[in-house]
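Hi,

Here is the model I promised to pass on.

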Amino acid sequence: MSSPKRIRVLVAKPGLDGHDRGAKVVARALRDAGMEVVYTGLRQTPEMIVEAAIQESVHVIGLSILSGAHNALLPRVTELLHKEGADDILVIAGGIIPEDDVPGLKKHGIAEVFGPGTRLSEIVDYIKAHVKL
Amino acid sequence: MSGNDDTEKALKQWEEGTVSKTLTKFPEREPKFETISGVPVKRLYTPLDSGCQDYQRSLGFPGEFPFTRGVQTTMYRGRFWTMRQYSGYGTARETNRRFRFLLEQGQTGLSVAFDLPTQVGYDSDHPMAQGEVGKVGVAINSIADMEVLFDSIPLDKVSTSMTINAPAAVLLAMYIAVAEKQGVQMDKLRGTIQNDILKEYVARGTYIYPPKSSMRLITDTFKFCSEKMPLWNTISISGYHIREAGSTAAQELAFTLANGIAYVEAAVKAGLDIDSFASRLSFFFGSHSDFFEEIAKFRAARRLWAKIMKERFKAKDDESCKMRFHTQTAGCTLTAQQPDNNVVRVTLQALQAVLGGTQSLHTNSRDEALSLPTEQSVQIALRTQQIIAHETGVGDTIDPIAGSYYVESLTDETERRAEEYIQKIDLMGGAIAAIEAGFMQREIQDSAYEYQKRVDARKRIVVGVNMFTEKEDREFDYLRVNPDLEKEQVVQLKRLREKRDHGLWKEAMRSLRVAAQGEVNLMPFIISAVKAFATVGEICGVLRQVWGEYKAPDIM
Amino acid sequence: MSATQLVEGVLSGNRRDLARLISLIEDEEPSVPEALGQLYRHTGRGHIVGITGPPGSGKSTLVTRMTTEYRTRNKTVGIVCVDPSSPFTGGALLGDRIRMQEHALDREVFVRSMGTRGHLGGLARATSDAVRAIDAFGKDIIIVETVGAGQSEVEVIDIAHTILVIDVPGAGDDIQAIKAGIMEIADIFVVNKSDMPGAERKVTEINAMLDTDPRERAWRPPVLMTNARDGEGIAGLVDTIDAHRKYLVDSGLLAEKGLQRSREELKTIMEHKLTTELMEKLKGLPEYERAIKKIADRSDDPYSVAERLITKFLADYGRRVAESERKR
């Protein structure tokens, strides 16, 4: 009688940007897709994000950022995860991230970047297809 | 009224005859229609619906209570709205260049965007500022940066709006000090500080202190300006960000006015006479996609605020009842797909704002869903306003859309829905209590989620996103903020700290701390501190130590 | 990864292994009982504080403030926050960490959010196992926070040594907010948001209600006021929790509670094990399905069927045990 494994996701807002509409909408969509979603609120440093991801033992980290600080903050998250030996966590990002920056972020271990206009189901499907449980 | 009876009868005949016959052959596109905010829309509006019945009470005349038709007597026949493009990025020097470009292009007011560290009271060298310096706005650490920002711009000639909230008092102090250096006294300064902390808690997120201390700082600026800066708008009570966070039109209106009520109450409680400050309150709304709903919202906003000021706060001066507002076209409606379509969206939204009687307007640039706007995009956005003003003739008569059965009916409905929310918030103990309980945040979040689900299900069409899509080779000329800028800014800051008169600085900081612990008006202390080259981060840091920081409620 | 592989890491203070073990507990991974068995002798050191109260009573803020207070007293803290899962999708939004940001980087504080899921074996067991893992990990204080909504919450915090029931002023003038069933288990009442009108009255009401409790008790639950937002009353609350612990130790109740708890735990584990194995055995058995149909069409009754099936299961079980003994 084992209960099914649940996908656990940390949705985080790195940096100082306070626009959390997207983060919250995605969090609710993931919840409605049967996932357990930990939301930590605004103004998260990469260190805080990684620590929360570890304590909560999540399978996925979703980072939402609209301030333009993505190139400085997102690679730092994956770098810290690597240091903790937690590379198995799937890291995805969303927000206002210019197309030109996406290849660089992917090289740093951000698995996918979802821009404005993304359907919620696209994100759900992506996670289900790529998560390592 | 026999006229109404006749109309009612005729309407019934039309519905049961002509309409039902047509429907059997040609059904309508949808089983039911509603506005983007979910207000039901009927097939046809007639004199039976509209709020025109009591013209004097519900509409009145421009410049007169209840100001439904406009706050100025001649509106755009006298002067067009202020064309005010929000801009700022990188260093003060770069932004100064952009300002001067815009003024040369015929822009009539400045609007400063600050970077996020400045907005939350951190200097460029704070660990949390990493990667954020100069990104969404200009980095301002000290009065030295502020001087560069307004270099060669005569502050007695322009009006300047500053999107700054938690540290609003600090940036205002810097503006005053820079003007003084230019030889302009503060009673001549025109402009606005956003200074609206409540909507930061609700929707925008750049708060610092807990509500009680924030409200004190805000009433301090009210008091200071009512005595010394008669032309300055002390606050811009903002619905824009509430709407951007996903609210409906009625929620935008209701929460903005509920916040407005809280500010007025705080000021009155602090001993200010309502008529001494109320005319310096200004508002800020978004202009979203639903054409008539937005026009109705603007008109309802004026009427509702006028009633609140007169009935709830017993304002005697008509000036206190006038809601003047700035509008920005809705950033959240811009699409990253087929970005040139955004020019059309912005045009329509700008037209709504003008038909709604706005006092000033920012038109978004087509590329803002992708990154910061380029100079060319900003220029098109400004030209959009100029075309509406000079080519269409919409400003040649006042409130031209009044008397539309639909718009008047929708104006009434929006007002009614907003009033219902305000009553609910009153019962919860006012806006601050409602925010601390997460009520507004939750309502907005529900609306945002519902909206997104409708878009995903294609119940709401967004052209280029869920219909009429095409494969795009996205070649776009992005504006890039120089990545070395952060380092430069930090070096400058370090130099400033070494160079300034340390004794003077220390004394200013000490007095500020003592003042913050007490109850005196902080403005003079903040002005002394900025003149002693204290930085935004240092001043806000002292206040953080004394007052603590706001902690958001869990609204999930 | 199996649970038993994580035991060493948990005991040596690896927080990632602890976090993983809690996930395996939630997922009911098969080796969890064995892992918990290995951890068992390392437990029993932490003081477990249960907190419940209605939504909006400021529980997370209170937990955050208490944690700050414990940290100034040099105590390490583990926190388990339980939030409801959707009964339809099983998903959950876990937002308690939002309030706990000031401890985000303190390595001496471990925070874990749990959804109630549709735990077949009972939420209470998953939570108490998670608490046990944190206890073995070595935290001095373990706080379990849950929304006070009903019986399952009572069970969740029943593992606590000290139970706090939170209420707020207003919300009607009676104590409706505190559900029946939760009143009786409180060791300490906390009226939070003491700056709101009606706080004093709420305290009086709770005290009046305690006066009607006919039980003779050496520990009468104190009713405290706090304003967690501003940190008021928190030191006093932590002192009272300490006093309650002292009372439990001095009166021998802690030992008694431990005994009682061990008895119940053994019973629960045995029940669970028996039920699991029995159901595993019966699942898909034609005889079982036939019996169910017979019960439905009234040609047999569930009482006799149960008797027969269990008797047979126990006989089989006995034979199997004897066989494995012989093989040894």
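In what order do the elements of chain A run from the N terminus on? They go β-α-β-α-β-α-β-α-β-α, with helices (DSSP runs of H or I, at least four residues) and strands (DSSP runs of E, at least two) numbered from the N terminus.

Before the rest, some housekeeping. This is a predicted model, so local features need pLDDT of at least 70 and side-chain atom pairs count only at pLDDT 80 or more, while totals for chains, interfaces and linings use all residues. Residues are numbered from 1 along each chain as its sequence is written, chains are lettered from A and ligands numbered from 1 in the order in which they are written, and side-chain values use heavy atoms, with hydrogens and water left out.

**The chains one by one**

Chain A has 5 helices and 5 strands. Its C-alpha trace spans about 45 × 35 × 25 Å along the principal axes. The radius of gyration of chain A is 14 Å, which agrees with the value near 14 Å for a compact globule of 133 residues. That radius is taken over C-alpha atoms, and the globule rule is 2.2 Å times the number of residues to the power 0.38.

Chain B comes to 22 helices and 12 strands. Its radius of gyration is 24 Å, close to the 24 Å from the globule rule for 556 residues, so chain B is as compact as a globular protein of that length. Along its principal axes, the C-alpha trace of chain B spans about 85 × 60 × 50 Å.

Chain C is split into domain 1 (1-42), domain 2 (44-251) and domain 3 (263-327), with bounds that come from an automatic or database domain assignment. Between the C-alpha centres of domain 1 and domain 3 of chain C there are 30 Å.

**Where B meets A**

The contact (heavy atoms within 4.5 Å) takes 42 residues from chain B and 33 residues from chain A. Together the two chains bury about 3000 Å², 55% of it on carbon and sulfur atoms. Buried area here is the accessible area (1.4 Å probe) that two parts lose on being put together, summed over both. Met128(B), Tyr449(B) and Asp456(B) supply 21% of the area that chain B buries against chain A, more than any other three residues.

How many salt bridges are there between chain B and chain A? The count is 1, where a salt bridge is a side-chain nitrogen of Lys or Arg within 4 Å of a carboxyl oxygen of Asp or Glu. Asp446(B) pairs with Arg28(A), and the closest N and O atoms are 2.7 Å apart. The pair crosses from helix H1 of chain A, which holds Arg28(A), to helix H18 of chain B, which holds Asp446(B).

There are also 12 residue pairs in polar contact between chain B and chain A (both at pLDDT 80 or more). A polar contact is a pair of N or O atoms within 3.5 Å; within protein, one must be able to donate a hydrogen and the other to accept it, and residues adjacent in sequence count only if both atoms are side-chain atoms. On the side of chain B that touches chain A, H18(B) gives the largest share, 8 residues. By class, that side has 21 nonpolar, 9 polar and 12 charged residues. Nonpolar means Ala, Val, Leu, Ile, Met, Phe, Trp, Tyr, Cys and Pro, charged means Asp, Glu, Lys and Arg, and polar means the others, Gly among them.

**Where A meets C**

This contact takes 32 residues from chain A and 34 residues from chain C. Chain A and chain C bury about 2900 Å² between them, 50% of it on carbon and sulfur atoms. The count here is 9 salt bridges, including Glu84(A) with Arg15(C), whose closest N and O atoms are 3.1 Å apart. Polar contacts link 24 residue pairs (both at pLDDT 80 or more). On the side of chain A that touches chain C, at least two residues come from each of helix H1 (21-32), strand E2 (36-39) and helix H2 (46-55) of chain A. H2(A) gives the largest share, 6 residues.

Most residues other than glycine have a negative phi, and most peptide bonds are trans. Phe65(B) and Pro66(B) are joined by a cis peptide bond, with omega about 0°. Asn195(B) has a positive phi, near 55°.

Cheers
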